[in-house]
Amino acid sequence: MKKNAKNKNQATTKTGSQSATNGTSKENGTSRSKSNGSQGSLLEKFFTDELKDIYYAEQHLLKALPKMAQASTTEELEDAFNDHLKQTERHVKRLEKVFQLIGKKPEGKKCEAIEGLTKEAESIIKDTKEGTMTRDAALIIAAQKVEHYEIATYGGLVQLAITMGLHRAADILDKTLVEEEETDMILTEIAENDINLEAEHEGGYSWETESELVGTPAAYSM
Ligand SMILES: [Fe+2]
């Protein structure tokens, strides 16, 4: 089924017909990607759709991050979210530059993933007690899920841009990728250095009464 679908698509695109009529395999390699013009290949369409996806996601985060900052218990986490908010404003501008470089109008395309991930962050705010370290520990995990989504997207876009010969676009996207990775690391440090340990002191555990069970070798052999 997959092979048939692939062949069908190729047969109905400019790229497919080029491959069939255009001669050498070299022309169908990287040099063709570089000079691929007005018609656009399947890969160009996918790249553009991914740009639209992350453009939507970044704009969505401009609304979500202030809520996460406001809900944070510690100033440290609030500052981290606010710093990332400023970075996110730059990420939006960089994406607009990339759209410009490929001759397209910047536009977003609804990103279900980011909607789901930010909904999860909203649920965490509802489900955790205000002023607790547990809330911050949970918000960090929610934010890191977002970062990992962005890292995967930007990482893929950088590689695709390089593959298609869009080196300027790749450089711009890579700057954002580095900032997303740094944010992820900062969040890990905050969690591991302070917040998780303090959250650990916010009450006992239900399994403490079953310590014998937790401590048995069988519990670790799974
Ligand atoms: Fe971002």
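Start with how the chain meets itself: among contacts between residues at least 6 apart in sequence, 75% join residues at least 24 apart. Keep in mind that what you're looking at is a predicted model. What is the chain built from? Of its 222 residues, 28% count as buried.

Now look inside. The largest nonpolar core holds 44 residues, and those with the most contacts within it are Met68, Leu139, Ile140, Leu157, Ala161, Leu173 and Ile195. The top contributor is H7, with 13 residues.

Leaving aside residues up to four places away in sequence, Ile195 touches Thr74, Leu77, Met133, Asp136, Ala137, Ile140 and Ile190. One of those partners, Ile140, is also on the list of residues with the most contacts inside the core.

On to the helix pairs. Two packed helices are described by the angle between their axes and the distance between the axes. For H7 and H8, the angle is about 160 degrees and the axes are 8 Å apart. Because angles over 145 degrees count as roughly antiparallel, H7 is roughly antiparallel to H8. Their crossing is left-handed. If you sort the residues of this H7 with H8 contact by class, you get 19 nonpolar, 8 polar and 8 charged.

How do H4 and H5 pack? They also make an angle of about 160 degrees, with axes 9 Å apart, and that makes H4 roughly antiparallel to H5. The crossing of H4 and H5 is left-handed. To trace the contact on your screen, pick out the H4 side, which includes Leu51, Ile54, Tyr55, Glu58, Leu62, Leu65 and Met68. Facing them from H5 are residues including Glu78, Phe81, His84, Leu85, Thr88, Val92, Leu95 and Phe99. By class, the contact of H4 with H5 has 15 nonpolar, 5 polar and 3 charged residues. Met68 links this part of the tour to the previous one: it belongs to the H4 side of the contact and is among the residues with the most contacts inside the largest nonpolar core.

Technical notes: Residues numbered from 1 in each chain as written. Predicted model: local features only at pLDDT ≥ 70, side-chain atom pairs only at ≥ 80, totals over all residues. Core = buried A, V, L, I, M, F, W, Y, C linked by C-beta atoms within 7 Å. Buried ≥ 20, exposed ≤ 12 C-beta atoms within 10 Å, placed from the backbone. Helix = DSSP H or I, 4+ residues; strand = E, 2+ residues; numbered from the N terminus. Contact = placed C-beta atoms within 7 Å. Axes fitted to C-alpha atoms, helices over the stretch in contact; angles between N-to-C directions. Parallel < 35°, antiparallel > 145°, perpendicular 65-115°, else oblique. Left-handed = near helix turned anticlockwise from the far one by under 90°. Nonpolar A, V, L, I, M, F, W, Y, C, P; charged D, E, K, R; others polar.
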